[in-house]
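Here is a short walk through one structure. Keep the sequence and the coordinates open as you read.

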Amino acid sequence: MSRKFGCNKVFTVQVQCVLQCAFRKLSAAASVPPKPFSSIPGLKSFPIIGPLHNFLPFIGEIGPKGNIFDLLDTLRVKYGPIVKMNGAFARGPMVVLFEPEDYEQVYRAEDLTSLRPGFAVLTYYREQQKSTFEGMNGTITAQGKEWRDFRMKVNPALLKPKLVKLYGPALDEIAVEMTQRLSRIKNDEEYLKWNFDTEMTKFSLESIALVALGTRLGCLQDSIPADHPAKKMMDSTKVIFEMSYKLEILPSPWRYISTPSYKKITNAYDSHWKISTNYIKHAQKALQERGHDIPDEDKSVIEKLLAIDEKVAVVMANEMLFAGIDTVAFVTTNLLYHLAINPKVQDKLRAEIRSDPESGSKYFRACLKEALRFYHVVPANLRRTSKPHVVRGYEIPEGVDVIAPNEYLSRMEKYYPRPNEFIPERWIADKSDPLYYGNAHPMVTLPFGFGLRSCLGRRIAQLEMEIFVTRFINELKVSWDGPPLKVVNKLTNTIKKPYYFKFEDAK
Ligand code: HEM
């Protein structure tokens, strides 16, 4: 009895001690003021050029880095889980958080405000064009209340689950035509080596135009005249991405003088705007002639947007055409590449496609998730703080860009075993399997972004890719005959030419 009592006493004393220690730690944490922002480890910085000298060969602390992946790896190894960088050329300060719990804390606290800077050139262009846009920003460039109001208006049209029923048959027509086109040109290896990106752009533009403008553009014809709107749209999209990289990422004085690159991007934005407006007017006329007496669920995206207001419809169509072309083209190419270098995965997918259509597309979705884990379109997500936060004991004030390096983390062994292997099975494995994707923190892989401000086109994008890749893999076998595909980061991830795809009829 006394021994038992003695034991209890020891236990009681231990519990008291643990509680006291925990209390001491808590009150210490509460009483210790956060360390100042300036003390966060990171790159040294000078006025105007910011931290750029760190990337100089030989003398720079970091040295030149070919890609963002290597840069992030160097920063994490050198400085730890929280790294500060001051912006160069009037860009604001940034903090990279390498632990998902840390950026989750900031992102959740910021979700209602959701400030996501970027696209400074487009923002400036829209400000200059007040007469055209009548001061209206879309989701890409608006911030704060203006963004929330616009987003709440367009969410129901773009994120509704009925999109499959509405667009499935027409997207399938595009998928069939695109597959036939690739089948026709598959032996022209020299052309495909240097122009596979153009082919994927034709597919993604034709698909998103169907939703955004309510029409087929005609990108899949064998020859497109130079003055055809589809050709103009493809050309201006290319200019927008190339010039955005030059103006937004590389040092450029465009804010002070109208540089040649700024003039080029302005012309491309004008052309985009003109073409979308014409098509929307056309769609509006056709809808008026048809009448609006159809069930709400059968109304197209464009009809729903026009019902909100014509300006919202044009701005939103314009944004879909900015955000929905290169993204889908990149991810489709990334997926086809991984299927090409993993023939067993490709065979398994083909078997699923050719089996009972009722069995669904579970394996396709796993393949897509794995391709997105490998290469995000946007390698890192970003939010600008609208209030102070304390992370890892450091103060992060208002106005700092908090970066979540999602693509880098998605290829870490600690989150995904065998991270550099393409294993779609991890997305369908059950919980007892070490590969089970759910063992990774849910904020590690965020290919469509986070929270209320996440991608508006994700349902449309997934539908387009599923329908096309299903048709393609059923008809064609894809392989890769060359060195590994090279992804480079230019604002978003892009693929470096040449392409070494080979296509043959699938048995
Ligand atoms: C696989 C293809 C795509 C990927 C991986 C992708 C990815 C993303 C990401 C990462 C963001 C930023 C989200 C955030 O900050 O949290 C975004 C935003 C956006 N995306 Fe996509 N996207 C894709 C396709 C599309 C398509 C087809 C459309 C056209 C409908 C589209 C329209 C948009 C718009 C309008 C935004 C801005 C949303 C806002 O700020 O409220 N995206 N996308």
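Helices (H or I, at least four residues) and strands (E, at least two) are DSSP runs, numbered from the N terminus. Residues are numbered from 1 along each chain as its sequence is written. The model is predicted: local features need pLDDT of at least 70, side-chain atom pairs count only at pLDDT 80 or more, and totals for chains, interfaces and linings use all residues.

Begin with Arg-418, in the loop between H16 and H17. Its phi is near 50°, a positive value in a residue other than glycine. Arg-418 counts as exposed, because 11 C-beta neighbours lie inside 10 Å. The cut-offs refer to other C-beta atoms, placed from the backbone, within 10 Å: 20 or more means buried, 12 or fewer exposed, and in between partly exposed.

The loop between helix H16 (406-409) and helix H17 (458-475) also holds Cys-455. Cys-455 is buried, because 21 other C-beta atoms lie within 10 Å. Leaving aside neighbours within four places in sequence, Cys-455 is in contact with Phe-448 and Gly-449. Contact means C-beta atoms, placed from the backbone, within 7 Å. An unreviewed UniProt entry lists Cys-455 under "binding site". UniProt positions follow the numbering used here, feature names are shortened, and annotations may be inferred rather than shown by experiment.

What surrounds the ligand? The shell has 26 residues, and the closest are Ala-323, Gly-324, Gly-449, Cys-455 and Gly-457. A residue is near a molecule or strand if its C-beta atom, placed from the backbone, lies within 6 Å of it. H12, helix H13 (326-341) and H17 each supply at least two residues of this shell. By class, the shell has 15 nonpolar, 7 polar and 4 charged residues. Ala, Val, Leu, Ile, Met, Phe, Trp, Tyr, Cys and Pro count as nonpolar, Asp, Glu, Lys and Arg as charged, and the others, Gly among them, as polar.

Now follow H12 to its contact with H11. The axes of helix H11 (residues 301-308) and helix H12 (residues 310-323) come within 5 Å and cross at roughly 135°. H11 contributes Ile-302, Leu-305, Leu-306 and Ile-308, and H12 contributes Glu-310, Val-312, Ala-313 and Met-316. These residues divide into 7 nonpolar, no polar and 1 charged. Axes are lines fitted to C-alpha atoms, for helices over the stretch in contact, and angles run from 0 to 180 degrees between N-to-C directions.

Finish at Pro-498, in the loop between strand E9 (492-496) and strand E10 (501-505). A cis peptide bond joins Lys-497 to Pro-498, with omega about 0°.

Technical notes: Two residues are in contact if their C-beta atoms, placed from the backbone, lie within 7 Å.
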